[in-house]
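Open the model in your viewer and keep the selection panel at hand. The tour goes from one selection to the next and says what is there.

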Amino acid sequence: MTERISLNVDGKRVSLLRGRERKIFYIHSSGSDAEQWRYQLEEIGGYAIDLPNHGKSESAEIGSVDDYARYVSKAIRQTCGSAVIAGHSLGGAVAQKVCLNYPETCIGLVLVGTGARLRVLPEILENLRKKPEDAVKKILEMGFFRKDERYEEMKKKYIQNAEVLHLDLSLCDRFDLLEDYRSGKMEIGVPTLIVVGREDRLTPVKYAEFFKNHIPGSELAVIDNASHMVMLERPDEFNSVLESFLRKVLSE
Ligand code: COA
């Protein structure tokens with residue numbers, strides 16, 4: 001069973017979905033919300049946040065991935081204290097920053113369809129302003145393995161949230177820890193699982209392999225017949241990999 005809860009973070013209402021009590025905390029991708037983790041909340045449990053300006057959370061001034069990371073770290077403190085942090089795409093960038101800036105809240109990382117650097121095609125950024133429907137079509141073409149009801153659901157959400165999607169993707173475009181990983185400045189010292197859809201064209205398998213090569217002891221799962229929205233497209237395969245990882249990390 002999944003229920004909705006609200007927190008007060010820095011005077012703002014932050015909304016979350018909660019499954020059964022478990023130390024896992026999910027962060028959604030650009031222009032999305034906590035619903036994107038519904039198959040994980042139902043089967044695996046934990047907490048999924050609606051980032052500020054998304055879903056049922058209040059709006060807030062956000063100027064960088066670090067701003068999102070601050071909200072997330074405070075929400076983790078108020079819910080599980082510390083958690084395995086699972087982030088998808090933009091959410092994966094946020095998860096890396098939480099791990100870096102607030103290490104006491106992070107006992108493990110799950111990096112899903114994300115990267116150490118997340119440059120965005122200029123035509124997507126431009127069109128989100130001028131022709132949002134074209135931009136959304138392009139994102140969906142690159143981010144879904146097949147057109148089904150989940151594709152249609154995301155299409156609706158992205159078009160409704162085109163402005164927020166543009167802000168999120170602009171933040172992604174500026175997110176870059178590539179050199180920090182290469183130089184050893186960015187050192188992840190917690191157990192890490194990397195998950196990517198084999199057909200992902202927004203954050204290709206190459207990005208996941210970079211993590212595997214730069215995060216000591218990390219595990220990589222490449223899921224077939226899936227693109228960027230792997231947790232929605234292949235929930236059974238995704239949950240099976242996540243469940244085994246959690247049992248190890250949470251010593252269950
Ligand atoms: N992990 C590992 N390597 C990465 C990386 C990551 N997260 N991000 C970039 N790189 C590598 C690239 O593969 C490239 O390597 P190469 O020179 O050996 O080919 C190099 O770093 C530079 O790439 P990038 O920073 O992406 O700049 P670019 O000018 O080559 O390409 C885009 C810019 C937008 C065309 C490209 O990033 C792209 O196709 N992105 C995916 C589409 C998209 O919009 N995704 C949205 C993500 S939220």
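Begin by selecting Glu133, Val136, Ile139 and Leu140 in H5, which meet Tyr151, Met154, Lys155, Tyr158 and Ile159 in H6; contact here means heavy atoms within 4.5 Å. By class, this contact of H5 with H6 has seven nonpolar, no polar and two charged residues. Ala, Val, Leu, Ile, Met, Phe, Trp, Tyr, Cys and Pro count as nonpolar, Asp, Glu, Lys and Arg as charged, and the others, Gly among them, as polar.

The model is predicted: local features need pLDDT of at least 70, side-chain atom pairs count only at pLDDT 80 or more, and totals for chains, interfaces and linings use all residues. Residues are numbered from 1 along each chain as its sequence is written, and side-chain values use heavy atoms, with hydrogens and water left out.

Now show the whole of H5 (residues 132-143) and H6 (residues 149-160): they pack at an angle of about 145°, with their axes 10 Å apart. Helices are DSSP runs of H or I, at least four residues, numbered from the N terminus. Axes are lines fitted to C-alpha atoms over the stretch in contact, and angles run from 0 to 180 degrees between N-to-C directions. H5 passes H6 in a right-handed crossing (the near helix is turned clockwise from the far one by less than a right angle; anticlockwise is left-handed).

Next, select H4 (residues 122-130) and H7 (residues 162-174), whose axes come within 9 Å and cross at roughly 155°. That makes H4 roughly antiparallel to H7 (an angle over 145 degrees). The crossing of H4 and H7 is left-handed. Ile124, Leu125, Leu128 and Arg129 in H4 meet residues of H7 including Leu165, His166 and Asp173.

Move to H2 (residues 65-79) and H3 (residues 90-101), which pack at about 70° with axes 8 Å apart. H2 and H3 are therefore roughly perpendicular to each other (65 to 115 degrees).

Last, select the ligand. Which residues surround the ligand? They are Gly115, Ala116, Arg117, Arg119, Val120, Leu121, Met142, Leu178, Leu202, Lys206, Tyr207 and Phe210, each with a heavy atom within 4 Å of it. A polar side-chain atom of Lys206 lies 2.6 Å from an oxygen atom of the ligand. A polar backbone atom of Leu121 is 2.9 Å from a ligand oxygen atom, and one of Leu202 is 3.0 Å from a ligand nitrogen atom.

Technical notes. Helix = DSSP H or I, 4+ residues; strand = E, 2+ residues; numbered from the N terminus. Parallel < 35°, antiparallel > 145°, perpendicular 65-115°, else oblique. Polar contact = N/O pair within 3.5 Å; in protein donor to acceptor, adjacent residues only side chain to side chain.
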